Amino acid sequence: MPELPEVESVVRALRDNKPSLIGSRIRSVEVIWPDVLSPHIHNVSLAHLEGCSFDSIGRLGKFLIFYLSCPGNRRLSLVVHLRMTGRLFLVRDCDAIERHTRLALMLDNGLALRFDDPRKFGRVWLVDDPETVTHGMGPDALTVGPDEFTARLLGYRRQIKPLLLDQSFVAGIGNIYADESLFRAALHPLTNSADLLPDETRRLHAAIISVLGEAVAAGGANIDGVFKAGSFVVTVYGRGGAPCRICGTPISKIRVGQRGTHFCSHCQKL
């Protein structure tokens with residue numbers, strides 16, 4: 001599943017590349033697969049998208065949030081979760097609809113914003129307030145400060161790997177970057193969060209920020225081929241049996257919280 005760095009790369013591509021999505025206006029909406037739409041909330045439907053302009057693009061964890069100015073001075077938010085295989089990209093509006101296209105927004109500049117999703121797990125919401133969708137999520141893992149991270153950690157007594165995957169703790173970390181962050185912090189994935197010493201907590205926070213920051217700068221990791229090739233090089237994730245890049249010990253793979261988990265038994269002692 002795309003995690004925070006991969007989703008951030010989508011935000012930056014749509015916002016910063018030329019042509020940019022920002023400022024474009026939606027002429028019409030084509031729903032190819034109706035189930036891509038999550039239940040409408042507060043009587044907002046996709047028909048309200050016509051005439052809306054893209055003001056900005058944000059992100060919380062793995063959610064993309066498109067902020068729109070709409071007719072009648074109404075402000076709406078289009079919220080998208082890519083799940084496992086979702087893709088958002090701009091094409092010419094005259095390009096043929098592809099096999100896995102689920103939703104297309106036709107724009108006033110001759111382009112179209114398309115949502116493709118081969119496995120049909122991705123979802124789209126149109127709401128007045130994005131918190132309608134993202135409520136209950138923790139702070140974004142890329143920007144959470146050390147004091148807030150420490151304070152939130154004190155409220156839990158759980159194995160650290162499943163806790164990092166809990167989006168109500170911090171938002172955006174998935175299996176790849178949980179393993180990578182724990183390796184960089186030299187913490188075993190089975191460590192109980194309540195047993196972390198202050199120095200270990202600081203080390204974990206610093207590892208999360210540095211790993212995610214490097215992965216964002218690299219455009220993410222192209223491990224399963226879903227995304228265009230990012231250049232972030234994993235150290236432990238998916239490398240079971242391969243030598244640790246630090247000490248040469250074979251990388252171990254176990255299941256923690258029903259998730260495959262990779263670590264170095266020498267560098268990450270329990």
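**Briefing: a disulfide, a helix and some backbone details**

The link of C52 and C70 is right-handed, with 115° about the S-S bond. C52 lies in the loop between β1 (26-31) and β2 and C70 in strand β3, so the link ties together parts that are 18 residues apart in sequence. This is a predicted model, in which local features need pLDDT of at least 70 and side-chain atom pairs count only at pLDDT 80 or more, while totals for chains, interfaces and linings use all residues. Residues are numbered from 1 along each chain as its sequence is written, and side-chain values use heavy atoms, with hydrogens and water left out.

**Cysteines**

- A disulfide is counted where a pair of cysteine sulfur atoms lies within 2.5 Å, and by this rule the count comes to one.
- The sulfur atoms of C52 and C70 are 2.1 Å apart.
- Both C52 and C70 are buried, where buried means under 20% relative accessible area, exposed over 50% and partly exposed in between (1.4 Å probe, protein chains only).
- The cysteine sulfur closest to that of C247 is in C264, at 3.5 Å, which is too far for a bond.
- C247 counts as partly exposed because its relative accessibility is 32%.
- For C267, too, the closest cysteine sulfur is in C264, and the 3.7 Å between them is too far for a bond.

**Helix α1**

- Helices (H or I, at least four residues) and strands (E, at least two) are DSSP runs, numbered from the N terminus.
- Helix α1 covers residues 4-16, which makes 13 residues.
- From its first C-alpha to its last, α1 reaches 18 Å, close to the 18 Å expected at 1.5 Å a residue; the expected span is 1.5 Å times one less than the number of residues.
- The buried residues of α1 are L4, P5, E6, V7, E8, V10, V11 and L14.
- The cover over these buried residues includes the strands β2 (53-60), β3 (63-70), β5 (87-92) and β7 (111-116), together with the helices α5 (175-184) and α6 (198-217); contact means heavy atoms within 4.5 Å.

**Backbone details in loops**

- K18 and P19 are joined by a cis peptide bond, with omega about 0°.
- P19 lies in the loop between α1 and β1.
- R83, in the loop between β4 (74-81) and β5, has a phi near 50°, a positive value in a residue other than glycine.
- With a relative accessible area of 29%, R83 is partly exposed.
- A186 sits in the loop between α5 and α6, and its phi is near 60°, a positive value in a residue other than glycine.
- A186 is partly exposed, at 32% relative accessible area.
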